[in-house]
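Reader: Please walk me through this structure. I am new to it and would like to learn how to read the helix packing and the rings.

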Amino acid sequence: MRALIAIGFTLALTGCATLSKEECLSGNWEEIGFRDGTNGKTSAFLQSHAKACEKTGVHPVQSLWEQGRQRGLPAYCVPSKAYSEGRSGRSLSAVCPAAELPALQAANNKGLEYREYTSEISEIQYRVNEIGRMLIAEQDAGKRAALVHENRSLSNRISLLELRRSLVGSL
């Protein structure tokens, strides 16, 4: 039992590290920066890498990392990525040029809206399934009628939400 707890604790700790030991030791800071740029990481994120690499004795090379990050940022600062971030429940990182922000924020908001509709549909669908199970067991005609009415109402709500979601479903 203690071994399982120790393994779980170790996995939890390593899951928080931004880089693996191998990545720290390879020291390809420009490539790491590029990857971070495509993911919208700010300059402050380098401190997370420094902390992750602390035990290996490796220190990030800030200039190479920043060069790579700057090369990666254009891949992040596009409407399709902003939309994708929103669908994943993330707001847009503040790393894009100000002139591009209105279009990017609009795309991100559409993605966030899509996620909201999806979440609401899932919650309602759970209730519809629950009502279905209740209908099987319910003997009282009045209660059955009320459940059928609620089920129809919720199904209509799902249809409306799916329609709204389809309007924000792509760019």
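Author: Helix α6 (residues 79-87) and α7 pack at about 30°, and their axes lie 6 Å apart. Helices (H or I, at least four residues) and strands (E, at least two) are DSSP runs, numbered from the N terminus. Axes are lines fitted to C-alpha atoms, for helices over the stretch in contact, and angles run from 0 to 180 degrees between N-to-C directions.

Reader: What kind of model is this, and how are residues numbered?

Author: The model is predicted: local features need pLDDT of at least 70, side-chain atom pairs count only at pLDDT 80 or more, and totals for chains, interfaces and linings use all residues. Residues are numbered from 1 along each chain as its sequence is written, and side-chain values use heavy atoms, with hydrogens and water left out.

Reader: Are α6 and α7 roughly parallel or roughly antiparallel?

Author: Angles under 35 degrees count as roughly parallel, over 145 as roughly antiparallel, 65 to 115 as roughly perpendicular and the rest as oblique. So α6 and α7 are roughly parallel to each other. Their crossing is right-handed. A crossing is left-handed if the near helix is turned anticlockwise from the far one by less than a right angle, and right-handed if clockwise.

Reader: Which residues make the contact of α6 with α7?

Author: Contact means heavy atoms within 4.5 Å. From α6 come Pro79, Ala82, Tyr83, Glu85, Gly86 and Arg87. Among their partners in α7 are Leu104, Tyr114 and Arg115.

Reader: How do the residues of that contact divide by class?

Author: Seven are nonpolar, three polar and four charged. Ala, Val, Leu, Ile, Met, Phe, Trp, Tyr, Cys and Pro count as nonpolar, Asp, Glu, Lys and Arg as charged, and the others, Gly among them, as polar.

Reader: At what angle do α7 and α8 pack?

Author: Helix α7 (residues 101-137) and helix α8 (residues 141-167) pack at about 160°, with axes 9 Å apart. That makes α7 roughly antiparallel to α8. The crossing of α7 and α8 is left-handed. Their contact has 15 nonpolar, four polar and nine charged residues.

Reader: Where does a charge sit over a ring?

Author: The test is NZ of Lys or CZ of Arg within 6 Å of the ring centre and within 35 degrees of the ring normal. Arginine 87 lies over the face of tyrosine 114, 3.7 Å from the ring centre. The charged end of lysine 41 sits over the ring of phenylalanine 45, 4.8 Å from its centre.
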